[in-house]
Amino acid sequence: TRTYEAAVNTKLFDDVFVVTDSDLIFDEIVSNGGKAIRSIKEHESGSDRIAEAVQNLEVDIVVNVQGDEPFIDKDSLSKVIEVFRNDASKTIDLASLMREIQDENEINNPNNVKVVVDQNGMALYFSRSVIPYPREKNVGVRYFQHIGIYAFRKQALIDFYHLPMKTLEASEKLEQLRYLEFGKRIKMVETTHISIGIDTPEDLERARKLL
């Protein structure tokens, strides 16, 4: 509920929905005056779940805010939305966030997904491994952690929904690789925002302290 309210309060969106396969979450949102969409099928990824939810909605751009990350950074969301406002030729399919990491433990941690981009900020690859590999140390390479907030063109989501999982996605267990494997263009936006997901009781306690 807090994540839903935070998304509404940004005033960045024409509409906000909670997409869930949980009766408990669905009822909680609706009983508090919010909007929710019940997933019909079981889904392997967030993109699949969102694609099913929006396939019959009249929308151009869809932004995915993770329900377990209640500390929404309005500036970062504004940046990913702005990508599409500046994309008059409609060549960008997705926009997402990345932040620079310098700590060696963070760089080597496979739970931190790294991304490499080209000179225009377009994603070249995502990996749980260290990319690029530092064979030469002193060349000024910057390492970026992928922050899992996405903005999609609706068609990119629908395409994803009907495309098969290929080997890179299956190996790394990263759904964003399906987009790259099928030629979708992902614009990465740099942020200093540190994403805080609540997946454990310790995470919840940390979030309560922040609140």
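Which residue forms a salt bridge with Asp15? In this predicted model, the partner of Asp15 is Lys35, and the closest N and O atoms of the two side chains lie 3.0 Å apart. The pair links distant parts of the chain, since Lys35 belongs to the loop between helix 2 (23-31) and strand 2 (36-38), whereas Asp15 belongs to the loop between helix 1 (2-9) and strand 1 (18-20), 20 residues apart. Both partners fall into the intermediate class of accessibility: Lys35 is partly exposed at 38% relative accessibility, and Asp15 is partly exposed with a relative accessible area of 39%.

The overall architecture provides the setting for this pair. The secondary structure of the protein consists of 9 helices and 8 strands. Of the 211 residues in the protein, 42% are buried. When contacts between residues at least 6 apart in sequence are considered, 62% of them join residues at least 24 apart. The accessible surface amounts to about 12,600 Å², and carbon and sulfur atoms account for 47% of this area.

Salt bridges were examined next. Side chains of opposite charge can pair when their charged atoms come close. The structure holds 10 salt bridges, among them the pair of Lys35 and Asp15 described above. Another joins Asp21 to Arg49, with 3.6 Å between the closest N and O atoms. This pair also connects distant parts of the chain: Asp21 is in the loop between strand 1 and helix 2, Arg49 is in helix 3 (residues 46-54), and 28 residues separate them. Asp21 is partly exposed, at 43% relative accessibility, whereas Arg49 is among the buried residues of helix 3.

A further salt bridge is formed by Lys184 and Asp159, whose closest N and O atoms are 2.6 Å apart. Lys184 lies in the loop between helix 8 (176-181) and strand 8 (186-190) and Asp159 lies in helix 6 (residues 154-162), so the pair ties together parts that are 25 residues apart in sequence. Lys184 counts as buried because its relative accessibility, 16%, is under the 20% limit. Asp159, by contrast, counts as partly exposed at 24% relative accessibility.

Salt bridges also form a network that links Glu100, Arg142 and Glu190. Glu100 is located in strand 4 and is partly exposed, with a relative accessibility of 28%. Leaving aside residues up to four places away in sequence, Glu100 touches Arg142, Tyr143, Phe144, Glu190 and Thr191. The C-alpha atoms of Glu100 and Gln145 are 6.3 Å apart in space, although the two residues are 45 apart in sequence.

Helix 3, which carries Arg49, is mostly covered, with 8 of its 9 residues buried. The buried residues are Ser47, Asp48, Arg49, Ile50, Ala51, Glu52, Ala53 and Val54. The elements that cover them include strand 1, strand 2, strand 3 (61-64) and strand 7 (143-153), as well as helix 6 and helix 8.

Helix 5 makes the greatest contribution, with 3 residues. Classified by residue type, the lining contains 9 nonpolar, 3 polar and 5 charged residues.

Several features of the backbone complete the description. Most residues other than glycine have a negative phi, and most peptide bonds are trans. In this model, a cis peptide bond joins Ile131 and Pro132, with omega at about -5°. Pro132 is situated in the loop between strand 6 (123-127) and strand 7. Lys90 has a positive phi, near 55°, although the residue is not glycine. Lys90 is found in the loop between helix 4 (74-85) and strand 4, and at 61% relative accessibility Lys90 is exposed. A positive phi of about 55° is also found at Lys173, likewise a residue other than glycine. Lys173 occupies the loop between helix 7 (167-172) and helix 8 and is exposed, with a relative accessibility of 61%.

Key
Residues numbered from 1 in each chain as written. Predicted model: local features only at pLDDT ≥ 70, side-chain atom pairs only at ≥ 80, totals over all residues. Heavy atoms only, no water. Helix = DSSP H or I, 4+ residues; strand = E, 2+ residues; numbered from the N terminus. Buried < 20%, exposed > 50% of the residue type's maximum accessible area, 1.4 Å probe, protein only. Contact = heavy atoms within 4.5 Å. Areas by Shrake-Rupley, 256 points an atom, 1.4 Å probe, with all protein chains shown as cover. Nonpolar A, V, L, I, M, F, W, Y, C, P; charged D, E, K, R; others polar. Salt bridge = Lys/Arg side-chain N within 4 Å of Asp/Glu carboxyl O.
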